[in-house]
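This briefing sets out the predicted model shown here.

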Amino acid sequence: MSVVAPDFRVKLTRFGSERFATFGGLLLVALGLLVFLTLPLAMLFERALEGRDGEFVGLANIIEYLRSPAFARSLVNTATFALLTTAITVPLAFGFAYAIQRSRIPFKGLWRNIAMIPILAPSMLAAISFIYLFGNQGWLKAMLPWLGISSIYGMPGMVMSMAFASFPHAVMILLAGLSLSDARLYEAADALATPGWRKFWTITLPGARYGLISAAMVVFTMAVSEFGVPKVIGGNVSVLAVDVYKQVIGQQNFSMGAVVGIVLLTPAVIAFAIDYVVQRRQQALLSARSVPYQPQPARWRDKLLLVYVMLISAALLLVVGMAAYGSVVKLWPYNLSLTLSHYTYGFEEYGIEHAYVNSLQMATWTAVLGAALTFAGAYWLEKTKGADLLRPVIRFQAMLPMAVPGMVLGIAYILFFNHPDNPVNWLYGTMTILVLSTIIHFYSSSHLTAVTALKQLDNEFESVSASLKVPFYKTFSRVTVPVCLPSILDIARYYFVNAMTTISAVVFLYSPKTMLASVSILQLDEAGAMGSAAAMATLIVLTSAVVTGVLFALEWWLLRRTQAWRNTAQR
Amino acid sequence: MNTPAETLRLEGIHKSFGSFAALQSVDLSIRSGELVCFLGPSGCGKTTLLRIIAGLERQSGGKVIQNGRDISNAPPSARDYGIVFQSYALFPNLTVNENIAYGLVNRRKARDQITARVKELLTLVGLPGSGSKYPSQLSGGQQQRIALARALASSPTLLLLDEPLSALDAKERDRLRGEIRQLQRRVGVTTIMVTHDQEEALSMSDRVVVMNQGRIEQVGTPLEVYEKPTTPFVADFLGKVNVLRATCMGSGRYRVGAVELQTPANGISAGAQVRLYLRPEDRVLSDGGAVEQMPNALRGRVEQVDFLGTYCLVGMEIEGFEGQRMQVYFSLNQALEMGVREGAAIPFALRGERIRVFAND
């Protein structure tokens with residue numbers, strides 16, 4: 001046995017540097033979240049208590065706003081909008097998820113992918129399509145009276161568009177909720193000769209109740225903070241999110257904007273809190289001994305559900321297809337000859353020819369930087385030791401963006417980064433701030449993905465490395481990153497698609513130079529250039545779809561190449 | 001080897017998590033080349049103690065001295081040990097060769113030297129030729145041995161094993177027990193193993209450290225701790241034990257109910273309330289009727305027979321014990337020959353020298 005006395009001094013300095021790296025890394029994550037999330041949000045609350053000229057007015061702004069008839073109107077409209085959207089979307093999505101998880105219909109993968117299409121699109125796309133379909137010159141306008149609707153503009157169009165935009169989010173949650181089922185319960189019910197409908201009411205629905213609540217909260221929150229849909233198809237129905245925009249951009253009344261922002265933040269935070277509690281319960285619902293449920297063929301149920309799924313899929317494709325078709329038609333509905341002019345002259349005419357390239361740049365930076373920062377942050381949080389006071393602070397801040405609507409984040413950013421005393425106020429109006437705000441806006445989900453991936457790694461990798469005297473960064477690059485690469489690509493994809501489609505935070509932060517594709521849709525719509533608005537929306541969908549496809553292919557290739565050691569890969 | 005060198009010394013180790021004291025004044029000396037087991041119920045602090053030795057956990061007080069060097073505050077990377085975790089923590093994306101060489105590569109050794117060392121280790125753990133496989137392609141027991149090879153790669157003077165066998169099924173576990181022990185003897189590396197499995201501890205170790213509630217209860221050879229437990233906890237934790245309430249009558253005599261039992265005299269004074277600990281196997285069975293004339297002869301009525309394979313554990317009500325019951329082992333043959341069945345009266349005698357006496361607390 002060779003016993004070499006270790007060089008004590010060298011080892012100690014390395015230890016010192018590792019400890020420094022731990023603390024330094026965590027401090028950096030905490031500081032990053034502080035500067036780009038918490039401080040701007042704090043600024044929002046501060047400004048809400050100030051008058052136009054920065055004098056302290058206490059709750060006067062808030063009281064003034066809450067008393068105004070405009071607020072009452074917007075509040076009622078927003079609540080109606082959100083409740084109707086939830087009431088329509090969640091049952092529709094439940095049926096869809098039920099068909100996929102609990103029946104034997106064919107082509108489940110196809111239906112599932114079709115249901116995800118709205119994620120690739122900016123929410124305004126549906127609004128544009130519905131205007132094409134049911135608007136003043138709508139193709140199916142004659143159908144409206146059958147539905148008891150006089151005009152698509154206003155609440156009906158808003159709810160329909162929002163149902164489209166939020167559908168995949170509800171489906172995803174319900175798919176997960178319905179996948180948690182215990183076959184033993186159904187077997188017990190069968191042994192007791194329970195009829196099908198009774199099994200549905202007593203086993204299926206109660207089992208999915210947390211998923212239903214969670215889906216309802218997500219759809220509700222999305223609708224409350226939605227800005228693009230009411231702006232395009234809302235007509236003169238005012239909602240809170242648009243009020244914020246008008247206060248800040250239209251009237252430059254930042255204090256009032258901050259007040260509306262806080263009002264907007266309230267339901268989102270409440271919904272987030274409910275969802276948080278519900279998620280915790282759901283985790284406890286399924287024991288390790290549960291047996292997954294395998295649906296048996298049932299001819300009538302399967303046929304009915306297949307028809308239902310096909311109808312929904314057709315509707316989703318119709319909405320996307322309508323926008324795409326509208327974008328290549330010369331003048332809807334009078335001249336239906338095909339043209340690409342909306343993509344070329346159209347963009348130039350309204351001075352947004354650089355918007356698409358900007359978006360592409362912004363989304364790429366967001367994906368690359370976001371995936372790297374989020375993963376590194378989660379790594380430092382989960383896999384290092386010490387600094388126990390800092391960790392809960394980071395954990396809380398990492399989950400905070402989920403409760404903050406994009407509009408609110410946007411105003412908070414204006415207030416914070418546009419402040420003359422802020423040393424980094426040069427960031428305002430740059431591409432950098434668009435990228436950073438988007439990373440923060442979508443940080444929580446990405447962070448959770450990274451944490452989940454890291455938690456699947458053995459906790460002792462770092463300890464083993466230390467015992468083998470291998471520095472932590474070597475294990476990070478040789479083991480942690482390669483094993484988690486599929487999840488890192490997932491995060492990059494999520495960031496990219498959201499960066500392409502989002503408008504809510506960036507609408508406050510772009511400058512003429514950094515105009516984005518999604519924001520330009522609003523401008524085109526306002527200018528009445530429907531064709532070009534549809535063209536831009538279609539371009540975004542295509543880009544998101546291509547990048548998603550490429551990243552999926554990359555993931556697939558990676559998993560295949562590494563399946564020798566990845567025996568747990570379940571994709 | 002009269003006075004073997006000391007590899008590791010722990011002096012007054014304390015560890016508290018908040019107000020909870022996980023370890024309290026632990027002193028221990030571990031000699032070169034021996035295999036020591038930390039044995040105790042879950043939560044007794046054995047794993048915490050191992051992690052403190054490894055530098056993965058920082059002690060709240062006390063010293064860790066390895067090979068004469070105070071390493072109390074040294075980080076894991078500045079200590080000299082190899083470790084195998086319960087989960088093995090093999091890197092899934094690296095081959096067996098790469099896993100074993102993981103720590104060697106970092107020491108800037110020549111490539112052919114590393115290759116040779118890895119080969120040597122694979123042979124040592126009995127898995128030559130599996131170097132190009134990935135961990136997931138190996139069985140649990142094989143993974144375990146690879147983890148062992150990786151831990152031994154840089155020839156550490158101390159090997160730490162954290163419940164290394166608990167993730168394996170019963171048969172594999174039995175086999176690996178012997179293999180690990182053999183390997184450890186051959187390499188001669190000082191080894192500390194944490195386990196909650198007493199059979200594992202008794203069969204593998206040179207010495208057993210029995211722990212409970214953050215303290216060391218007893219340190220001794222497997223036979224010592226089993227035969228001569230110094231605390232009620234050790235007697236209770238290792239193997240089965242009958243506990244009888246008794247009153248000391250002086251000079252090693254104890255009264256249980258209406259019966260007096262004789263043990264070797266000890267310092268306990270007459271009148272003291274005590275508990276007698278004795279194992280189900282510490283009995284003499286009928287030797288052609290002579291058992292009635294032996295000291296500590298008893299007569300029990302069989303209440304329950306638990307068949308355990310080669311043995312029966314027989315619950316008996318003892319004449320004169322006034323309700324205190326005992327469990328006694330019978331081999332299957334003995335049980336048949338002596339007619340052990342519910343209701344039968346069986347004569348037997350206790351081995352007085354094996355009875356452990358502990359004062360009531």
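**Confidence and overall form**

Chain A has an average pLDDT of 89, and 95% of its residues score at least 70; pLDDT is the predictor's confidence in each residue, from 0 to 100. This is a predicted model, in which local features need pLDDT of at least 70 and side-chain atom pairs count only at pLDDT 80 or more, while totals for chains, interfaces and linings use all residues. Residues are numbered from 1 along each chain as its sequence is written, and chains are lettered from A and ligands numbered from 1 in the order in which they are written.

**Confidence by chain and element**

- For the complex, the predictor gives an ipTM of 0.82 and a pTM of 0.87.
- Within chain A, mean confidence is lowest in helix α1 (residues 8–48), at 79, and highest in helix α17 (residues 431–441), at 96.
- Over residues 1–14 of chain A, pLDDT stays under 50, and the model has 13 contacts for them beyond four places in sequence; two residues are in contact if their C-beta atoms, placed from the backbone, lie within 7 Å.
- Chain B averages a pLDDT of 90, with 97% of the residues scoring at least 70.

**Form of chain A**

- Chain A contains 22 helices and 2 strands; helices (H or I, at least four residues) and strands (E, at least two) are DSSP runs, numbered from the N terminus.
- With a radius of gyration of 26 Å, close to the 25 Å that the globule rule gives for 571 residues, chain A is as compact as a globular protein of that length; the radius is taken over C-alpha atoms, and the rule is 2.2 Å times the number of residues to the power 0.38.
- The C-alpha trace of chain A spans about 90 × 75 × 50 Å along its principal axes.

**Packing around helix α22 of chain A**

- The axes of helix α12 (residues 299–327) and helix α22 (residues 530–561) of chain A come within 7 Å and cross at roughly 125°; axes are lines fitted to C-alpha atoms, for helices over the stretch in contact, and angles run from 0 to 180 degrees between N-to-C directions.
- This makes α12(A) oblique to α22(A); angles under 35 degrees count as roughly parallel, over 145 as roughly antiparallel, 65 to 115 as roughly perpendicular and the rest as oblique.
- The crossing of α12(A) past α22(A) is left-handed, a term used if the near helix is turned anticlockwise from the far one by less than a right angle, with right-handed if clockwise.
- Among the contact residues are Val320(A) and Ala323(A) of α12(A), and Ala534(A) and Val541(A) of α22(A).
- By class, the contact of α12(A) with α22(A) has 8 nonpolar, 4 polar and no charged residues; Ala, Val, Leu, Ile, Met, Phe, Trp, Tyr, Cys and Pro count as nonpolar, Asp, Glu, Lys and Arg as charged, and the others, Gly among them, as polar.
- Helix α5 (residues 124–134) of chain A packs with α22(A) at an angle of about 135°, their axes 10 Å apart.
- α5(A) and α22(A) are therefore oblique to each other, and α5(A) passes α22(A) in a left-handed crossing.
- Met124(A), Leu125(A), Ile128(A) and Ile131(A) of α5(A) make this contact with Met530(A), Ala533(A), Ala534(A), Ala537(A) and Val541(A) of α22(A).
- The residues of the contact of α5(A) with α22(A) comprise 9 nonpolar, no polar and no charged.

**Backbone geometry**

- Phe107(A), which is not a glycine, has a positive phi of about 55° and is found in the loop between α3 (69–102) and α4 (108–116) of chain A.
- The peptide bond from Trp332(A) to Pro333(A) is cis, with omega near -10°.
- Pro333(A) is found in the loop between β1 (329–331) and β2 (335–338) of chain A.
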